[in-house]
Amino acid sequence: MLELSGVIWLLLVVFVLHDLEELIAVENWLLKNKGSVMEKAPRWLRGMIEPSLSMSTAQFAVAVTCIFVVLSTAVLLTVSTWEQRTFFPFFLVCLHVLFLHIFTHIGQSILLRTYTPGVVTAVALALPYCLYTYIRLFTEGVITWSLVGSTLPYVVLIVPVLYGAHRIGQFVSRPAKT
């Protein structure tokens, strides 16, 4: 059986494989489906999502890299302070975000009635990883429902991180002026 530190490191592997699917498919998918997405999105959400529907692969890659840095920091700090569990809540928040992110992919595919970039690896890799990790952490007494509940509200902190990562992606990979 894989040690818990190995399970924690696997978060990065799952994230990279999941985002690789998105990176490969996102730009072409957006070009073909932007109109359909805007048409089916609730009116109140359209203004928020429209800028991300014109994203290039390069912009998305920069955003993914920023998020990878945050996840890598969480994993490295968690593993290096495992005995004290100092940064374990940081990892747990990242795990919650990944788990909830799976359902955004599933929801998008259901709403749009089509493949959406990332849905395959969300269901085939991220979902089993998250479930396995939660089960292992509960089974080994590392987490309780109380700890899950107390870390869950911190998931909202990902919103500014995601927004910032996408803004950095837009800034860094904008076309050069001629």
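Thr81 sits in the loop that joins α3 to α4 (88–112), where helices (H or I, at least four residues) and strands (E, at least two) are DSSP runs numbered from the N terminus. Thr81 is buried, with a relative accessible area of 15%; buried means under 20%, exposed over 50%, and partly exposed in between, with a 1.4 Å probe and protein chains only. Setting aside neighbours within four places in sequence, Thr81 is in contact with Thr86 and Phe87, contact being heavy atoms within 4.5 Å.

A word on the source: this is a predicted model, in which local features need pLDDT of at least 70 and side-chain atom pairs count only at pLDDT 80 or more, while totals for chains, interfaces and linings use all residues. Residues are numbered from 1 along each chain as its sequence is written, and side-chain values use heavy atoms, with hydrogens and water left out.

Now step back to the whole fold. The protein has seven helices and zero strands, so from the N terminus on its elements read α-α-α-α-α-α-α. Its C-alpha atoms fill a box of roughly 55 × 40 × 30 Å along the principal axes. Of the 178 residues, 39% count as buried. Among contacts with a separation of 6 or more, 76% come from residues 24 or more positions apart.

Next, look at one helix pair. The axes of α1 (residues 4–40) and α3 (residues 57–80) come within 10 Å and cross at roughly 175 degrees. These axes are lines fitted to C-alpha atoms over the stretch in contact, with angles from 0 to 180 degrees between N-to-C directions. The two helices are therefore roughly antiparallel, the word for angles over 145 degrees. Residues of α1 including Trp9, Phe15 and Leu23 meet a set in α3 that includes Phe60, Phe68 and Val75. By class, this contact has 17 nonpolar, four polar and three charged residues. Ala, Val, Leu, Ile, Met, Phe, Trp, Tyr, Cys and Pro count as nonpolar, Asp, Glu, Lys and Arg as charged, and the others, Gly among them, as polar.

Finally, the cysteines. With a disulfide taken as a pair of cysteine sulfur atoms within 2.5 Å, the count comes to zero. For Cys66, the nearest cysteine sulfur, that of Cys94, is 14 Å away, and Cys66 is partly exposed at 23% relative accessible area. The sulfur of Cys94 is 11 Å from the closest cysteine sulfur, in Cys130, too far for a bond. Cys94 is buried, at 9%.

Definitions and conventions:
Angles under 35 degrees count as roughly parallel, over 145 as roughly antiparallel, 65 to 115 as roughly perpendicular and the rest as oblique.
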